[in-house]
Amino acid sequence: MKSLLFSLLFIAVTPIIYAQNTFSGKITNTATGEPIFSANIYFPELNKGDMSDMDGNFSIANIPNGKYKVLVSSIGFATYSKELIFPETSNLNIALEKSAIEMEEVIVSTPFHQLQSENVMRVERENIADLNQKGAVTLSDGIAQIAGVESLTTGVGIGKPVIRGLSSNRVLVYTQGVRLENQQYGDEHGLGISSKGIESVEVIKGPASLLYGSDAIGGVLYLNPERYAAANKTSAEADVNYFSNTQGYQGSLMAKTSGEKLKFLARGGYATHSDYKTGNGKRVTNTRFNETDFKAGIGYQDAKFKTDLRYNFNKSNIGIPEEIGAQSTAKDPLLPYQEIDNHIVSLDNKIYFKNSSLDIKIGYQYNNRKEFEEHHHEEEHGTEEGEEHALEEEGEDHPALEMHLETLNYNLKYNLPRTGKFETIIGVQGMHQTNTNYGEELLIPDATTTDFGVFATTHLHFEKWDFQGGIRYDLRNIDSKAVEAHEEAHMEEEHEEEHEHESGEIAALNNSYKSINGALGAKYNITSKLSARLNLATGFRAPNLSELTSNGSHHGTNRYEVGDNALENEQNFQLDLSLEWRNKHFEAFVNGFHNTIKDYIYLQPTGELIDENPVFQYTQNNAELYGGEIGLHIHPHPLDWLHLESSFETVTGKRSNGEYLPLIPANSITNTFRVEFEDPVKKVYSKYAFVRLKNVFDQNNVSAFETQTGGYGLLGAGFGGEFSVNSTKMRVGVSANNILNKNYISHLSRLKPDGISNIGRNISVSVNWML
């Protein structure tokens, strides 16, 4: 196996010159015949493209022989899609039809890279810039604006995505083409990724184990990094955001340049926020946070080879709130707080053969998670004042918790030559991961996790029907070390004092988990405007280390958690049905799902007390979740600048004994009134404004250790525009969330048990300067 991997890597990093083609043409308006300026011509499989000039002309070089799909898109026009064969094609004039429907983009998270309207599986896609226009403070906050997606929050600095009621290890996050591993089982820390340098997010709702393996049982968030500059172009960007509620700001600088084959990109950013203020005017102590982020990339592409090396460093210092105390606008976190360093390196290679291609992705991640807290031993030792002060300083200097998580993953996919109407992909995926403790406290033991999966998927296309299916086999092994009761934790050499963690004995673990999963989907174009999708899929999730090995007090939740090393895989089966109607001025969709999970893992109170904390035991029971989303988008003719949008989402989660699952988002409905004006001739050539009202209903369907949550309504609004400054562009935006300063508590807030409200009125201002 190793020799095969080395051979493939050698091939991947050795560019070979093959025959190359040039594709050129002109983009025009179907109705008037006039050229269209700044239309985007893009080959998604090749990751190559160009923009049309003032005369509508374009040219793209270094296109390999084969069959590839070209997409042409421009604001105010319907997206054009066509498969072209090279070297038979060299020139093509393309006419675009006027349409008020937003431009379609290629869906990257599914295997065959199609437009959403062509995809067998419905996938939500949103540009991060559009989400940020609505005043999102963090990436997690922005993603929560997508229908069917919410955020499990601890203040505004910590947020975890929730897809149709499932979160943490049941939702997989991909960034730079590799799975994100950052101790995501815990509710008390967030994504660790800045929105700066992320172009778009795609959301797969439901099991995606066929493509991604374990942990995709609830869905996938796929983050697409920003693109390189077009060939022979150089650009730069500076942007800054200000947030009134937290008196916070976020800024970044970016520069990128591309030749015909070689490409470079770099972006640095910094964000800092004070404690957020609730609707009643109180600041929530220690919800402050700051973040430093750096992203860089270097790419190379010729006619038969493409490689993309990306690096992301993210450092976050995040306060852990416990109560509403001293009122302050300081930005340095108090004790307790987290310090998280995250390094992600990814190498994405693609080799093009005559009628097939090979994808090789390799990723390495290093996650260093530290938690600092006040010293626990001051009262025990009865030290004098000077000694107590020294101990307090030691608590600040040395983390109580420190875990190093290192992950190496690989993903090999071979796109077979097309056979008639069939497109087929076979692949191998794997992961090797180690977790090592260095602090005085242990949440999970030192452990090694290895994954191996092999899969095949195929797509069959007819005029009105599309079918897609596949099968996958996975094997995961978890090997952890034993921990004795009151064992001394790993300590750094400079520590002079020995500490004991507050956990009981943890037995060594060597467990293996296997699973076979499949998926089958169909899309049928009932009419030219009405389409239906039906998808059936199974998924699995191996239990995580916390569920298997916990045996100690969890201060973040004030409970003593006990794991079970005999837990089985979670295995689910989900049915999705989607109906969509679309014409030039009206869109509507209805999505319904039913998700049955066998051996769902959850915490159950035992009625005991240890260290004055109630004891919760991890256990399993069957569960089901069901619900869906309904939405419509109206842009009436001839008022193409006017947009009326509405969406409703609902989910219900129950165990087989009839009890409700915890942390299920409340039903909600969002209505948006939006206007957009595009005129490339005018000085301010792009203008927008919106008013949005989100109504969240009462959540009365709660688990045994939750309380009911009242409903609320949040009003938001914003406006902005884009204009020219000499040869540069300037984009300015203003948005306001919770305009009426509503004092409310979300059901998915981890501060809810303490009666702490969510963020009050927040006005944000953004300025973006593109050179």
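**Aromatic pairs and a buried asparagine**

Tutor: In this predicted model, phenylalanine 23 and phenylalanine 86 are both buried.

Student: What makes the ring pair of phenylalanine 23 and phenylalanine 86 edge-to-face, stacked or tilted?

Tutor: The ring centres of phenylalanine 23 and phenylalanine 86 are 5.9 Å apart and the planes meet at 85°. Centres within 6.5 Å make a pair, and planes over 60 degrees apart count as edge-to-face; therefore this pair is edge-to-face.

Student: Why is this pair said to tie together parts of the sequence?

Tutor: Phenylalanine 23 belongs to strand S1 (residues 21-29) and phenylalanine 86 to strand S6 (residues 80-86), so the pair joins parts that are 63 residues apart in sequence. Ring pairs also link Phe23, Phe43, Phe58 and Phe86 into a cluster.

Student: Why is the pair of tyrosine 712 and tyrosine 744 called tilted?

Tutor: Their planes lie at 35°, with the centres 4.4 Å apart. Stacked requires planes under 30 degrees apart and edge-to-face over 60, so the pair is tilted. Both tyrosine 712 and tyrosine 744 are buried.

Student: How do you know whether asparagine 290 is buried or exposed?

Tutor: Asparagine 290 has a relative accessible area of 10%. Buried means under 20%, and therefore asparagine 290 is buried. This residue lies in strand S18 (residues 289-301), and its contacts include Tyr270, Lys315 and Pro333.

Student: What places the charged end of arginine 655 over the ring of tyrosine 602?

Tutor: The charged end of arginine 655 is 4.0 Å from the centre of that ring, and the distance cut-off is within 6 Å.

Notes. Residues are numbered from 1 along each chain as its sequence is written. This is a predicted model: local features need pLDDT of at least 70, side-chain atom pairs count only at pLDDT 80 or more; totals for chains, interfaces and linings use all residues. Side-chain values use heavy atoms; hydrogens and water are left out. Helices (H or I, at least four residues) and strands (E, at least two) are DSSP runs, numbered from the N terminus. Buried means under 20% relative accessible area, exposed over 50%, partly exposed in between (1.4 Å probe, protein chains only). Contact means heavy atoms within 4.5 Å. Rings of Phe, Tyr and Trp (its six-membered ring) pair if their centres lie within 6.5 Å; planes under 30 degrees apart count as stacked, over 60 as edge-to-face and the rest as tilted. A charge sits over a ring if NZ of Lys or CZ of Arg is within 6 Å of the ring centre and within 35 degrees of the ring normal. Lists of a residue's contacts leave out its neighbours within four places in sequence.
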